[in-house]
Amino acid sequence: MAEKRKFARKYCKYCEAKVEYIDYKDAKILRHSLSERYKIMPRRLTGNCKRHQEMVELAIKRARATAVIPYIIDTQKVVAVPFEQLQQ
Ligand SMILES: [Zn+2]
């Protein structure tokens with residue numbers, strides 16, 4: 001049975017870009033390894049090598065703690081106007 005491939009080819013984007021250190025303040029770089037809901041993408045989907053995946057993990061966890069990126073995005077619970085709830 002043919003395997004469904006979400007990503008075209010497996011290669012480490014960080015190795016290609018010759019990234020030696022991933023800055024947790026750079027949300028753009030971290031975005032490569034985050035899903036649309038800002039979860040860390042598993043290595044089997046992104047094709048990151050182990051070394052870079054560990055760097056990404058650490059950077060993402062630091063970025064979350066410093067509020068550079070959110071912990072979770074729940075579209076169900078997102079309130080359009082947050083002040084409406086306060087007035088009730
Ligand atoms: Zn790599």
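Donors here are N, O and S atoms within 2.8 Å of the metal (3.2 Å for Na, K and Ca), and water is not among the atoms, so sites may look incomplete. Before clicking, note that this is a predicted model: local features need pLDDT of at least 70, side-chain atom pairs count only at pLDDT 80 or more, and totals for chains, interfaces and linings use all residues. Numbering starts from 1 along each chain as its sequence is written, and side-chain values use heavy atoms, with hydrogens and water left out.

Select the zinc ion. Its protein donors are Cys12 (SG), Cys15 (SG), Cys49 (SG) and His52 (ND1), at 1.9 to 2.3 Å. The angles between the four donor atoms run from 101 to 115°, which makes the arrangement tetrahedral (for four donors, all angles between 85 and 135 degrees). Along the sequence, the donor residues follow C-x2-C-x33-C-x2-H.

Now pick Cys15 and His52. Cys15 sits in helix α1 (residues 13–16) and His52 in helix α4 (residues 50–65), so this pair, 37 residues apart, links distant parts of the chain. Helices are DSSP runs of H or I, at least four residues, and strands are runs of E, at least two, numbered from the N terminus.

Is His52 buried or exposed? His52 is buried, at 1% relative accessibility, while Cys15 is partly exposed at 38%. Buried means under 20% relative accessible area, exposed over 50%, partly exposed in between (1.4 Å probe, protein chains only).

Finally, show the whole protein as a cartoon: five helices, zero strands. Of the 88 residues, 25% are buried.

How values were computed
Four donors count as tetrahedral if all angles lie between 85 and 135 degrees; four count as square planar and six as octahedral if opposite donors are over 155 degrees apart and all others between 65 and 115; anything else is irregular.
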